[in-house]
Amino acid sequence: MPNTTLPEKLPNSPFPTIADWLRQATENEVQRNPNCMTMASVDTTGQPTARILLCKEIIADPGYLVFYTNYKSRKSREIAANPKVGIVFHWDSMGLQVRMDGLAVRCPEAESDEYFASRDRRSQLGAWGSDQSEPIGSRQALIDQVRERAKKLGFTLSPDLHTLTEGDQAKVPRPPHWGGFRVWPTRVELWIEGANRVHDRAAWARDLQQESAHTFSCKPWSATRVQP
Ligand SMILES: Cc1cc2nc3c(=O)[nH]c(=O)nc-3n(C[C@H](O)[C@H](O)[C@H](O)COP(=O)(O)O)c2cc1C
């Protein structure tokens, strides 16, 4: 359990604290994926659905985070119809939780290109191999599809997918249906576990005005302490 609380005068922005908590979780290897987060989106009937994603970047100023996914997946289709998402990070051993409500917009293509190029070959081939969220008849059909698509790109994967033989192809291009989203929160809540369930909790809210397909102009945060 942490022996800290938020300062009496709450910081102007919650983001430096979030970045610091993620850094601590990463450095102390508190879990296999310290950057994992749950993200809920909603479908056109208002049904929320949540899944775990990896947060690949936190941009403290102006305040957004980045994840990568398949743009044809269920979450991406839901975001296209309704960009409102909810995010939760939980570092159990640190007794810390971060919640965000916000808007998800696609990253600029050049940013997704750069990140895709930095990924290891298997992850790159995986992005081509799977039509995320689509049904498939069998596990074997999926393996065959992954191997066939790798072959077309000049790589040979063994039948168990464990061994990869590189062909002449030096590069795997980014699939056009794969890339990043930026999540711009309008509300952030920080939660620190406290003794006797008297947790420390504060919320920050701000208005956003969309400036471009990828960016918002952000009004200053207003902070409030909240009862646990
Ligand atoms: C630890 C962990 C990390 C994951 N990271 C990602 C990720 O960064 N991007 C992604 O698209 N899916 C990721 N997934 C898979 C998602 O949870 C989910 O199954 C997938 O994105 C399909 O979701 P959808 O059908 O709701 O679109 C991860 C799963 C786990 C357990």
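A residue is buried if 20 or more other C-beta atoms lie within 10 Å of its own, exposed if 12 or fewer, and partly exposed in between, the C-beta atoms being placed from the backbone. The model is predicted: local features need pLDDT of at least 70, side-chain atom pairs count only at pLDDT 80 or more, and totals for chains, interfaces and linings use all residues. Residues are numbered from 1 along each chain as its sequence is written.

**Exercise 1. Classify the exposure of threonine 186 and locate its surroundings.**

Step 1. Threonine 186 belongs to strand E9, residues 178–192; helices (H or I, at least four residues) and strands (E, at least two) are DSSP runs, numbered from the N terminus.

Step 2. Threonine 186 has 18 C-beta neighbours inside 10 Å and therefore counts as partly exposed.

Step 3. Leaving aside residues up to four places away in sequence, threonine 186 touches Asp101, Gly102, Ala205, Arg206 and Leu208. Contact requires that the C-beta atoms of two residues, placed from the backbone, lie within 7 Å.

Step 4. Between threonine 186 and arginine 119 the C-alpha to C-alpha distance is 30 Å, with 67 residues of sequence separation.

**Exercise 2. Describe how helix H4 packs against helix H5.**

Step 1. H4 (residues 121–129) and H5 (residues 139–152) have axes 9 Å apart, at an angle of about 115 degrees. Axes are lines fitted to C-alpha atoms, for helices over the stretch in contact, and angles run from 0 to 180 degrees between N-to-C directions.

Step 2. The two helices, H4 and H5, are therefore roughly perpendicular, a term covering angles of 65 to 115 degrees; under 35 counts as roughly parallel, over 145 as roughly antiparallel and the rest as oblique.

Step 3. On the H4 side the contact is made by Leu125, Trp128 and Gly129, and on the H5 side by Gln145, Val146, Arg149 and Ala150.

Step 4. The buried residues of H4 are Gln124, Leu125, Ala127, Trp128 and Gly129. Their cover includes helix H3 (109–118), H5, strand E7 (155–157) and E9.

**Exercise 3. Identify the elements that supply the shell around the ligand.**

Step 1. The ligand is surrounded by 15 residues, the closest being Thr69, Ser73, Arg74, Lys75 and Ser133; a residue is near a molecule or strand if its C-beta atom, placed from the backbone, lies within 6 Å of it.

Step 2. At least two residues of this shell come from each of strand E2 (48–54), strand E4 (64–70) and helix H2 (74–81).
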